[in-house]
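Hi,

Here's the structure I promised to send over.

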Amino acid sequence: MGRTGILLSFARDLGLPQVEDQARRQVACVVHRARRQGYNTLDIEAREAFDPGLFQGLSGIGYSLLRLAEPHLPSVLLW
């Protein structure tokens, strides 16, 4: 979701609607996979505990989805 957030910021700042559409398609794939397989925040390799963090965890995913719905929100990855 972090890469998608950067792509979304890039598209909006430069006025590239086709790039924004690509970011939306990528997010749709993530959401579809989560619905199909169930969502968990476990590290695929280490199988460690739940991560609620903004950069690699559930909070970051939620904020990325919120930015898609509310274009005026800033990207925390660019701060």
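**Salt bridges**

R24 and E20 join their side chains in a salt bridge, at 3.4 Å from N to O. Keep in mind that this is a predicted model. Both residues sit in helix α2, 4 residues apart, or about one turn of the helix. As you know, residues three or four places apart on an α-helix point the same way, because there are 3.6 residues a turn.

E20 has another partner: its side chain also meets that of R12 in a salt bridge, again with 3.4 Å between N and O. That links R12, E20 and R24 in a network of salt bridges, and the count for the model comes to 2.

How buried or exposed are the three? E20 has a relative accessibility of 18%, so it falls under the 20% cut-off for buried. R12 is partly exposed at 21%, and R24 is also partly exposed, at 35%.

**Helix α3**

The other thing I looked at is α3, which runs over residues 58–69. Its 12 residues reach 17 Å from the first C-alpha to the last, close to the 16 Å expected at 1.5 Å a residue. Which of its residues are buried? They are G60, Y63, S64, R67 and L68. These cover an arc of only 145° around the axis, so they lie on the same side of α3. As for what they pack against, it's α1 (2–14) and α2 (17–37).

Cheers

Technical notes. Residues are numbered from 1 along each chain as its sequence is written. This is a predicted model: local features need pLDDT of at least 70, side-chain atom pairs count only at pLDDT 80 or more; totals for chains, interfaces and linings use all residues. Side-chain values use heavy atoms; hydrogens and water are left out. Helices (H or I, at least four residues) and strands (E, at least two) are DSSP runs, numbered from the N terminus. The expected span of a helix is 1.5 Å times one less than its number of residues. Buried means under 20% relative accessible area, exposed over 50%, partly exposed in between (1.4 Å probe, protein chains only). The arc is that of the directions from the helix axis to the C-beta atoms. Contact means heavy atoms within 4.5 Å. A salt bridge is a side-chain nitrogen of Lys or Arg within 4 Å of a carboxyl oxygen of Asp or Glu.
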